Amino acid sequence: MFRFRLDGSSGVPPYLQLVHQVRQSLLLGYLRAGDRLPTVKEVAVDLAINPNTVVKAYRQLEHEGLAAGRPGQGTFITGTLAPPSARASEALRRSLERWLRDAADAGLSQEAITALIAAVRHDVAQEARQDSMEERTG
Amino acid sequence: MIWVTWRQHRTQAVICAGLLGAITIVAVALGVWMRSTFSSDGLAGCLASSGGAGCPAAISSFTSEFNGGAMMPLILALFVIPGFLGAVVGAPLLGQELERGTWRLAWSQTVPRTRWLVSKLALVTGGLVVFGVAVTLITTWSRAPLDRVSIRLQPPPFNFEGLSLTCSLLCAFGLAVLAGLLLRNTIGAMVAGYFAWEVPFLVVTLLNGPLHIMTATARMPCQAGCPDASTHSVPPVTGNLGDLVLDVTRSGNQMIVSYLPASRFWTLQLIEGGLYLAIAVAALGTAVWLLHRRTT
Amino acid sequence: MTHDLSVPALRADRLGKRYGRQWGLRDATFEIPAGSVVGLVGPNGAGKTTLLALTVGLLAPTEGQVAVFGEPSRAHTADTLARVSYLAQDHPLYRAFTVADMLRFGASMNPSWDRALAQGRMEALGIPLDRKIKALSGGQQAQVALTLALAKRAPLLALDEPVASLDPIARLEFMQDVMAAVADGGLTVVIASHVISELERFCDWLLVLTGGRLQVAGPVDDLLARHTLLTVPRQTPSAALPGASISRTDSDRHSTVLIAADPARMAAAQQPGWHADPVGFEQLVLAYLRRPPLGVSRAEVVAS
């Protein structure tokens with residue numbers, strides 16, 4: 001059975017943590033199409049979390065086309081997350097290397113580089129969150 | 001509620017049963033002993049033929065043998081038991097629930113708290129009545145020979161024959177239950193309940209003599225020239241061994257005797273028992289009413 | 001998990017309770033849908049126990065009304081008592097009773113008692129029926145108390161600081177069992193606690209009480225969506241912000257303000273030099289707990 005984990009101090013809402021873990025496992029190949037996810041009750045008891053949270057996570061996965069519920073049988077993985085193509089990965093990797101060398105040339109220390117990456121990542125993620133929030137409640 | 005009440009008072013019930021057993025053993029032993037002495041002293045025959053007038057010495061020796069030493073332990077126990085037992089049984093009923101916080105468990109089930117209390121009180125009171133009546137019957141049986149030749153209108157016998165013991169027990173119980181509700185503490189309620197019970201107990205015991213509303217007066221011609229008839233002659237001047245003679249005065253050729261006739265026993269028992277019972281009912285009724293009206 | 005929204009599990013209407021001259025709870029109004037797990041948060045003495053006691057039927061309100069599944073609660077009546085299962089603080093039990101005695105107590109006092117459930121739980125937990133309550137560990141006692149509450153089969157379960165006295169493992173096992181009961185369906189739970197950090201994973205509804213007043217009432221998701229942590233220049237007055245200011249921290253050149261604003265207004269009001277972040281559950285609750293209780297005559301009810 002697929003087992004979830006919960007990090008109470010990560011600041012990420014529990015249901016999103018569950019969604020991420022499914023996505024990650026799909027990427028790594030640990031979950032495949034046809035696998036059955038644990039029942040809502042099993043997850044709620046295992047992690048001691050509200051069953052509604054699990055329902056929400058499973059609904060999100062259904063919305064993303066990654067899973068589907070079959071009445072009376074459970075929730076099953078339907079989609080896959082294609083790992084990025086080897087070429088796309090290679091291209092991204094090279095552009096990252098270039099950027100890092102540019103940053104070093106511009107005089108940024110390692111800490112400054114890390115901080116800059118974290119800040120930009122955060123801003124981009126926030127934009128995406130606000131967009132999806134507006135989409136749902138607006 | 002029957003099982004719950006039983007289970008919560010089980011230890012007390014066992015103690016009462018043990019107490020009853022001990023009392024029974026002592027009372028039966030005494031009773032058998034008394035009866036054998038009674039017959040060996042020939043008192044039965046004497047009473048039948050002369051109503052006791054013919055054997056004053058035998059009667060005196062019989063009464064002093066059993067009124068004093070032998071019955072003492074039993075008598076002391078019976079003096080203490082109603083107040084003590086009533087307080088011990090009554091105090092935890094509400095006192096312990098409130099003290100330990102188990103009221104939050106007991107009163108949040110599907111039985112409302114007033115019904116809970118009334119059921120419990122009814123069952124425990126019933127048990128105490130059974131205990132009281134059993135003790136009364138056993139000790140009355142035990143003392144029967146002595147009762148034929150002496151007075152039972154005063155304590156000690158007055159306190160454990162008839163209604164007195166049972167009603168006294170219920171009085172102490174009721175006061176302790178109320179104390180438990182007010183003090184929310186078991187030990188405190190036991191002490192408070194016991195001392196509250198002492199008040200009617202002392203009133204009843206010390207004022208037992210002056211119940212002169214019930215006294216009768218008789219005029220009797222002096223016989224053999226008005227001997228020095230005292231209140232303590234055996235048999236008493238009234239001729240009935242059970243009468244309590246209070247005062248004898250001479251008036252010319254007659255004696256004026258004021259006394260409590262033995263036949264007044266049950267009337268006096270009803271008065272005393274009634275007093276105890278009234279207090280018990282008032283205390284328990286107050287406890288139920290207060291609980292019903294409590295807003296916290 | 002479907003909620004029958006037509007009948008709220010718990011509904012309070014200007015509920016208030018006065019003890020002598022002090023108000024333990026005042027003017028509480030909220031409506032909780034069936035199937036929710038509600039976190040009732042507040043410091044000690046805030047009125048959590050009072051609110052639960054009013055819900056259970058152990059206390060009569062001084063003002064207002066509380067209704068469970070549509071039926072108004074009338075204190076100390078069998079109907080009201082049958083609708084809510086209550087686990088009081090420190091899980092009171094009769095210490096001289098055996099576990100079997102406690103179960104029999106539950107059966108005697110509740111017509112709706114589910115004997116199979118009660119015995120099944122004791123077996124599953126490995127708690128021997130002939131052991132005295134005082135010989136059980138704290139965690140086991142809490143589990144027995146929880147069994148008494150669950151086997152009553154009432155549709156609303158009220159837990160007053162249920163895990164406060166338990167070690168972490170006992171805590172986890174206890175809450176696992178509560179979540180399992182919720183997952184089985186047909187149960188609404190209210191958990192009163194003053195430990196916020198653990199509530200996030202359990203609760204989808206939130207009630208915050210301070211000084212007897214409700215500071216906030218609403219579904220957790222909505223509350224998190226409608227609050228933002230805004231970083232603004234120090235001089236920005238609170239009035240210029242696109243929502244009610246819940247808490248404000250001022251530094252030399254900037255201020256961080258937790259505001260309650262719907263996302264549309266927030267997006268429209270963004271200015272250069274302003275930075276918006278989402279609020280975490282614990283942060284949100286703490287901010288409302290710290291808020292002075294005066295001037296709030298009605299709870300800030302966030303419609304679901």
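What distance separates the centres of domain 1 and domain 2 of chain A, taken over C-alpha atoms? In this predicted model, the two centres lie 29 Å apart. The domain assignment of chain A places domain 1 at residues 14-77 and domain 2 at residues 86-137.

Chain C contains nine helices and 15 strands. The C-alpha trace of chain C extends over about 70 × 40 × 40 Å along its principal axes. A compact globule of 304 residues would have a radius of gyration near 19 Å, and the 21 Å of chain C therefore agrees with that expectation. Chain B, in turn, has 11 helices and three strands. Read from the N terminus, the elements of chain B follow the order α-α-α-α-α-α-α-α-α-α-β-β-β-α. The principal axes of the C-alpha trace of chain B give spans of about 80 × 40 × 25 Å.

Within chain B, helix α7 (residues 113-149) packs against helix α11 (residues 265-293), their axes coming within 9 Å and crossing at roughly 165°. Because angles over 145 degrees count as roughly antiparallel, α7(B) and α11(B) are assigned to that class. The crossing of α7(B) and α11(B) is right-handed. On the α7(B) side the contact is made by B:Arg113, B:Thr114, B:Leu117, B:Val118 and B:Leu121, and on the α11(B) side by B:Leu284, B:Val288, B:Leu291 and B:His292. The residues of this contact comprise six nonpolar, two polar and one charged.

Two pairs of chains are in contact, and of these chains A and C share the most contacts. Chains A and B do not touch, and their nearest C-alpha atoms are 26 Å apart.

The contact between chains C and A draws 20 residues from chain C and 20 residues from chain A. On the side of chain C that touches chain A, α6 (168-183) and α8 (263-268) of chain C each supply at least two residues. The most is given by α6(C), with seven residues. This side of chain C consists of 15 nonpolar, two polar and three charged residues.

Helix α6(C) also packs against a helix of chain A, namely α2 (residues 40-47), at an angle of about 165° and with the axes 8 Å apart. The two helices, α2(A) and α6(C), are therefore roughly antiparallel to each other, and their crossing is right-handed. In this packing, A:Val40, A:Lys41, A:Ala44 and A:Val45 of α2(A) meet C:Gln176, C:Met179, C:Ala180 and C:Ala183 of α6(C). By class, the contact of α2(A) with α6(C) includes six nonpolar residues, one polar residue and one charged residue.

The contact between chains C and B takes 22 residues from chain C and 19 residues from chain B. The side of chain C that touches chain B is made up of 15 nonpolar, four polar and three charged residues.

How values were computed:
Residues numbered from 1 in each chain as written. Chains lettered and ligands numbered in written order. Predicted model: local features only at pLDDT ≥ 70, side-chain atom pairs only at ≥ 80, totals over all residues. Contact = placed C-beta atoms within 7 Å. Helix = DSSP H or I, 4+ residues; strand = E, 2+ residues; numbered from the N terminus. Nonpolar A, V, L, I, M, F, W, Y, C, P; charged D, E, K, R; others polar. Axes fitted to C-alpha atoms, helices over the stretch in contact; angles between N-to-C directions. Parallel < 35°, antiparallel > 145°, perpendicular 65-115°, else oblique. Left-handed = near helix turned anticlockwise from the far one by under 90°. Domains from an automatic or database assignment. Rg over C-alpha atoms; globule rule 2.2 N^0.38 Å.
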